[in-house]
Amino acid sequence: MLAHGDTYLDSAPGSLYSLRTGLNFRRYWHLGRRKIFAFYSDLCAGAAWIYKIEGKYHYPDGKQEEVIDDNVGDVLFVGGWQPGIRIRCYRNLHVFLGPTLATDCLGVHLGIGF
């Protein structure tokens with residue numbers, strides 16, 4: 001996996017920009033003989049390198065206060081689990097959907113594969 005990360009932090013407010021790399025592993029459990037529906041589970045682990053931070057400091061009453069603990073150059077562990085369901089539409093064209101539970105996000109993923 002190679003990715004670009006853009007994480008907005010409401011509490012700062014600010015943004016962390018990172019480059020990510022890692023490994024993914026996917027396992028399918030097919031339902032039925034025709035394999036139209038399947039449950040799957042993705043596991044991923046890797047690292048994110050922070051190359052830019054916006055909003056690291058806040059200036060209340062004229063004094064500088066650091067509101068984001070991370071620094072440019074830090075390397076962070078990135079890991080997650082994405083269970084879901086896959087529906088095959090035509091030949092190997094399929095749609096997949098499920099929750100995302102990771103060290104840096106919580107959400108839903110949706111995609112098209114072939």
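Rings of Phe, Tyr and Trp (its six-membered ring) pair if their centres lie within 6.5 Å; planes under 30 degrees apart count as stacked, over 60 as edge-to-face and the rest as tilted. Ring pairs of this kind join Y17, W49 and Y51 into a cluster. This is a predicted model, in which local features need pLDDT of at least 70 and side-chain atom pairs count only at pLDDT 80 or more, while totals for chains, interfaces and linings use all residues. Residues are numbered from 1 along each chain as its sequence is written, and side-chain values use heavy atoms, with hydrogens and water left out.

**Sheet**

- An open sheet is formed by six strands in the order β1-β2-β3-β6-β7-β8, with antiparallel pairing.
- β1 (2-9) and β8 (106-113) stand at the edges with a single partner strand each, so one side of each has no neighbour in the sheet.
- From one strand to the next, the twist averages 30 degrees; axes are lines fitted to C-alpha atoms, for helices over the stretch in contact, and angles run from 0 to 180 degrees between N-to-C directions.
- Strands (E, at least two residues) and helices (H or I, at least four) are DSSP runs numbered from the N terminus, and two strands pair if DSSP finds at least two bridges between them.
- Strands of a sheet pair through backbone hydrogen bonds, either parallel or antiparallel.

**Strand pairs and hairpins**

- β1 and β2 run antiparallel and are joined by eight bridges; D6 has Y17 in β2 as its bridge partner.
- Four residues separate β1 from β2 in a hairpin.
- β2 and β3, also antiparallel, are joined by 17 bridges, and L19 stands opposite W49 in β3.
- The hairpin of β2 and β3 has five residues between the strands, and G32 in the turn has a positive phi of about 90 degrees.
- Between β3 (residues 37-54) and β6 (residues 75-90), the antiparallel pairing extends over 13 bridges; C44 stands opposite G80 in β6.

**Aromatic rings and charges**

- The count of aromatic pairs comes to four.
- In one of them, the ring centres of Y17 and Y51 are 6.4 Å apart and the planes are at 45 degrees, so the pair is tilted.
- This pair links distant parts of the chain, 34 residues apart: Y17 lies in strand β2 (residues 14-31) and Y51 in strand β3.
- Y17 is buried at a relative accessible area of 15%, whereas Y51 is partly exposed at 32%; buried means under 20% relative accessible area, exposed over 50%, and partly exposed in between (1.4 Å probe, protein chains only).
- The charged end of K52 sits over the ring of Y17, 5.1 Å from its centre, and K56 lies over the face of Y57, 5.8 Å from the ring centre; the criterion is NZ of Lys or CZ of Arg within 6 Å of the ring centre and within 35 degrees of the ring normal.

**Cysteines**

- Zero disulfides are found in the whole structure, a disulfide being a pair of cysteine sulfur atoms within 2.5 Å.
- The closest cysteine sulfur to that of C105 belongs to C44, at 8.5 Å, which is too far for a bond.
- C105 is partly exposed at 38% relative accessibility, and C89 is exposed at 53%.

**Residue L106**

- L106 lies in strand β8 and is exposed, with a relative accessible area of 73%.
- Not counting residues up to four places away in sequence, L106 touches T100 and L101; contact means heavy atoms within 4.5 Å.
- L106 and M1 are 105 residues apart along the chain, and their C-alpha atoms are separated by 19 Å.
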